[in-house]
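Colleague: I have the model open and would like to go through it with you. Can we start with a loop residue and then move to the sheets and cores?

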Amino acid sequence: MSYTIAALYHFTRFPDREAVQAPLKALCAAEGITGSLLIAHEGINGTIAGSRAGIDAVLAHIRALPGCGDLVHKESFAAQQPFGRMKVRLKAEIVTMGQPDVDPRASVGHYVEPADWNDLIRSDDVAVIDTRNDYEVAIGTFEGAIDPQTESFREFPQWWEANKERFHNKRVAMFCTGGIRCEKSTNYLLQQGVEEVYHLKGGILKYLEEVPQEQSTWEGECFVFDGRVSVGHGLKEGPHELCHACRRPILPEDKTRAQYEQGVSCHQCIGQTSEADKTRFRERQKQIELARQRGETHLGHAPSA
């Protein structure tokens with residue numbers, strides 16, 4: 001069976017989040033959909049997987065919600081189920097930036113189609129900024145892009161404030177995985193007085209889907225938040241796996257390092273957790289293995305794609 005994966009986000013106003021959550025959760029359960037959907041007063045965001053009919057039913061339901069008629073989603077496919085369960089959660093923000101005055105519904109940067117992206121970022125007066133987290137940037141980014149080295153999107157405004165003088169008299173082009181972070185970051189920069197702000201329409205995923213590899217300025221793989229872990233050109237599944245201790249991507253050869261212990265540590269996180277943490281992780285890994293032997297999926301553990 002091939003699983004259809006739909007990544008989506010939409011900014012609209014949901015005064016009553018709970019009224020949106022309950023029917024959506026019930027529908028996903030009825031259709032056998034897995035993944036994660038976040039609902040906030042500012043809109044909806046998430047990635048879901050399931051049968052073609054199930055995904056179509058959920059997308060139709062979301063588009064029938066107030067203000068969601070023009071929701072755009074991106075699709076890809078996987079041979080194995082990329083999520084272990086379904087979560088429909090209420091959040092303060094659908095992507096956390098921590099800036100209450102940021103409102104993508106008011107204004108955002110100029111959208112740039114994937115086919116036009118290369119010409120823009122190769123311009124001498126354009127600074128290209130990767131708005132993703134450091135561990136995402138580490139496995140792939142666009143040539144010449146600036147890495148803010150942020151551990152979370154919440155750190156981006158502080159990074160900008162400390163570095164904004166670097167971009168005086170520059171046009172700023174930003175990108176992220178699917179586009180949602182750029183909706184907020186471009187609105188933020190416009191509020192900060194940057195006059196010309198651009199962002200990649202549909203994000204890296206749309207670029208990798210539409211731009212031929214021989215014409216691409218993308219280097220490496222793109223981290224995705226599902227069981228595939230990374231994808232490359234044509235959205236082909238990449239070589240990365242996930243360290244289930246720190247949730248960061250690792251390559252198969254990283255599992256041969258002395259610091260690697262399945263479900264407990266990798267070379268990126270071995271020094272970041274205590275022995276008590278590692279003991280807890282070992283117990284969790286034991287329960288995952290026992291569940292696998294019974295032919296079950298341990299709660300919260302997505303199967304590897």
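Modeller: Fine. This is a predicted model. Ser 274 is partly exposed, with a relative accessible area of 34%.

Colleague: Where is Ser 274 found?

Modeller: Ser 274 is in the loop between strand E15 (249–250) and helix H8 (275–293).

Colleague: How many Å apart in space are Ser 274 and Ile 129?

Modeller: The C-alpha atoms of Ser 274 and Ile 129 are 34 Å apart, and the two residues are 145 residues apart in sequence.

Colleague: Which strand has the bridge partner of Ile 129?

Modeller: Ile 129 has its bridge partner, Met 174, in E9. E7 and E9 run parallel and are joined by five bridges.

Colleague: What is the order of the strands in that open sheet of four?

Modeller: The order is E6-E10-E9-E7, and the pairing is parallel. Strand E6 (110–112) and E7 are the edge strands, each pairing on one side only. From one strand to the next, the twist averages 30 degrees.

Colleague: Which strands does helix H3 lie across?

Modeller: Helix H3 (residues 114–121) lies across E6, E7, E9 and strand E10 (197–200). H3 runs at about 135 degrees to E9.

Colleague: Back to Met 174. What does Met 174 touch?

Modeller: Leaving out residues up to four places away in sequence, Met 174 touches a list that includes Trp 117, Ile 129, Phe 156, Cys 182, Leu 189 and Leu 200.

Colleague: Which residues touch the most other members in the largest nonpolar core?

Modeller: That core has 24 residues, and those touching the most other members are Ile 129, Phe 156, Trp 160, Phe 167, Val 172, Met 174 and Leu 189. At least two core residues each come from strand E1 (3–11), strand E7 (126–130), helix H5 (156–163), strand E9 (171–175) and helix H6 (180–191). H6 gives the largest share, four residues. There is also a second, separate core of 22 residues, with Val 112, Phe 142, Phe 175 and Leu 200 among them.

Colleague: On to the other sheet. How many strands form it, and in what order?

Modeller: Five strands form an open sheet with the order E4-E1-E3-E2-E5 and mixed pairing. Its edge strands, strand E4 (73–78) and strand E5 (86–90), each pair on one side only. Direction ignored, neighbouring strands of this sheet are turned by 10 degrees against each other on average.

Colleague: In which sense do E2 and E5 pair?

Modeller: Strand E2 (residues 34–40) pairs with E5 in the parallel sense, over five bridges. Gly 35 stands opposite Met 86 in E5.

Colleague: Which helix packs on the sheet?

Modeller: Helix H2 (residues 52–63) does, touching E1, strand E3 (43–50) and E4. The direction of H2 makes about 170 degrees with that of E3. H6 lies across E1 and E3, and runs at about 20 degrees to E1.

Colleague: Last topic, Glu 221. Is Glu 221 buried or exposed, and which side chain of opposite charge is nearest?

Modeller: Glu 221 is buried and has no salt bridge. The nearest side chain of opposite charge is Lys 236, which is 8.8 Å away.

Colleague: Where is Glu 221 found? And what does Glu 221 touch?

Modeller: Glu 221 sits in the loop between strand E11 (218–220) and strand E12 (222–223). Beyond four places in sequence, Glu 221 touches Ile 139, Gly 140, Ser 230, Val 231, Gly 232, Gly 238, Pro 239 and His 240.

Definitions and conventions. Residues are numbered from 1 along each chain as its sequence is written. This is a predicted model: local features need pLDDT of at least 70, side-chain atom pairs count only at pLDDT 80 or more; totals for chains, interfaces and linings use all residues. Side-chain values use heavy atoms; hydrogens and water are left out. Buried means under 20% relative accessible area, exposed over 50%, partly exposed in between (1.4 Å probe, protein chains only). Lys and Arg count as positive and Asp and Glu as negative; His and the chain ends are not counted. A salt bridge is a side-chain nitrogen of Lys or Arg within 4 Å of a carboxyl oxygen of Asp or Glu. Contact means heavy atoms within 4.5 Å. A nonpolar core is a set of buried Ala, Val, Leu, Ile, Met, Phe, Trp, Tyr and Cys residues joined through side-chain atoms within 4.5 Å. Two strands pair if DSSP finds at least two bridges between them. Axes are lines fitted to C-alpha atoms, for helices over the stretch in contact, and angles run from 0 to 180 degrees between N-to-C directions.
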